[in-house]
Amino acid sequence: HQLNLRRPGARVNVIEMDELYSTVVERPDGSFFVTPARRVNIAGPTRNETRRAMWLASLLSRDLMPASGLIERGLLDAQSIVRPLFLLSAMLGAKIDALGDLSRLLNRANLAMLVDLEQELNHLALAAHCQPVDFARSLREEADLRGLAQGPVCDVTLAEALVTIAGKWFSGTSWSYGQAQYFLSSYVAEHLVPLAQLARVFDLAVPVLDSVIQLASSVVGTDLVAVGRTFDAIGLVNVKRIDLLEMTEA
């Protein structure tokens, strides 16, 4: 949008992709060791834009999985949905150190919240003609690809996959409250806020998603909706449902 404002008529291919790294380990000397993710979803506003960008994106990662559109890519990005929920749980429970071992942080409350959030996003996926959201499947596939599952993919429960895979996302670094605030702000403002706005375009109620956003805003002391990634911020004003469906099916 900004490029088009500065250079009217410029041809720009825009793509988005999941994070390239599944884990980041901080070494004693201050350097970092990163592990590439085994599942990276990629998408452009149209399928042609996705195809044109695949060759360039493949230089960054060989494990790319094209999504049918930007909305589906966002819904399939389990990391950016699960991470803020557990960051929030750790901060509200004063258990920042537990992020290094998610088995200490995972409980019935945040697991039930994650299941309800998945259900809300599934309603959004259905309205936007995208494939269903399935956190357990996404995490199980990652576990199986890494050889971390103790049996077939279907034998790993959501809780087991969270501890096995999501736990790796947080381990390897010494967490501080300020660091947790920073990452919570980033995930919520850049990912959860636009998902909530999408739901409103489709006239869907997402109380759990809205609650996570509001709680995160209180914790970090910033209105994350106001500073988040909204349609207005990227140049899409008065977006209607039909516009989004056309983008999804283009």
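The largest nonpolar core of the predicted model comprises 58 residues; a nonpolar core is here a set of buried Ala, Val, Leu, Ile, Met, Phe, Trp, Tyr and Cys residues joined through side-chain atoms within 4.5 Å. Buried denotes under 20% relative accessible area, exposed over 50%, and partly exposed the range in between (1.4 Å probe, protein chains only). Leu75, Phe86, Leu121, Leu184, Leu195 and Leu209 have the most contacts inside this core. Two or more residues each are given to it by helices H3 (70-76), H4 (78-92), H5 (108-127), H6 (135-145), H7 (158-170), H8 (177-201) and H9 (207-220). The most come from H8, with twelve residues. Helices (H or I, at least four residues) and strands (E, at least two) are DSSP runs, numbered from the N terminus. When neighbours within four places in sequence are set aside, Leu121 is in contact (heavy atoms within 4.5 Å) with Leu75, Ile81, Val133, Phe135, Leu195 and Leu209.

A second, separate core has six residues, among them Leu20, Val40, Ile42 and Ala57.

S4 (residues 40-43) belongs to an open sheet of three strands in the order S1-S4-S5, with mixed pairing. Strands are taken to pair if DSSP finds at least two bridges between them. The edge strands, S1 (16-17) and S5 (64-66), each pair on one side only. S1 and S4 are antiparallel over two bridges, and Glu16 has Ala43 as its bridge partner in S4. The pairing of S4 with S5 is parallel over three bridges; in S5, Val40 is partnered by Leu64 and Asn41 by Met65. S4, helix H2 (residues 47-57) and S5 make a right-handed β-α-β unit, in which right-handed means that, with the strands pointing away from the viewer, the path from the first strand over the helix to the second runs clockwise.

One aromatic pair is present; rings of Phe, Tyr and Trp (its six-membered ring) pair if their centres lie within 6.5 Å, with planes under 30 degrees apart counted as stacked, over 60 as edge-to-face and the rest as tilted. Tyr182 and Phe183 form this edge-to-face pair, at 5.2 Å centre to centre and 80 degrees between the planes. Tyr182 is exposed at 54% relative accessible area, while Phe183 is partly exposed at 29%.

Residues are numbered from 1 along each chain as its sequence is written, and side-chain values use heavy atoms, with hydrogens and water left out. As the model is predicted, local features need pLDDT of at least 70 and side-chain atom pairs count only at pLDDT 80 or more, whereas totals for chains, interfaces and linings use all residues.
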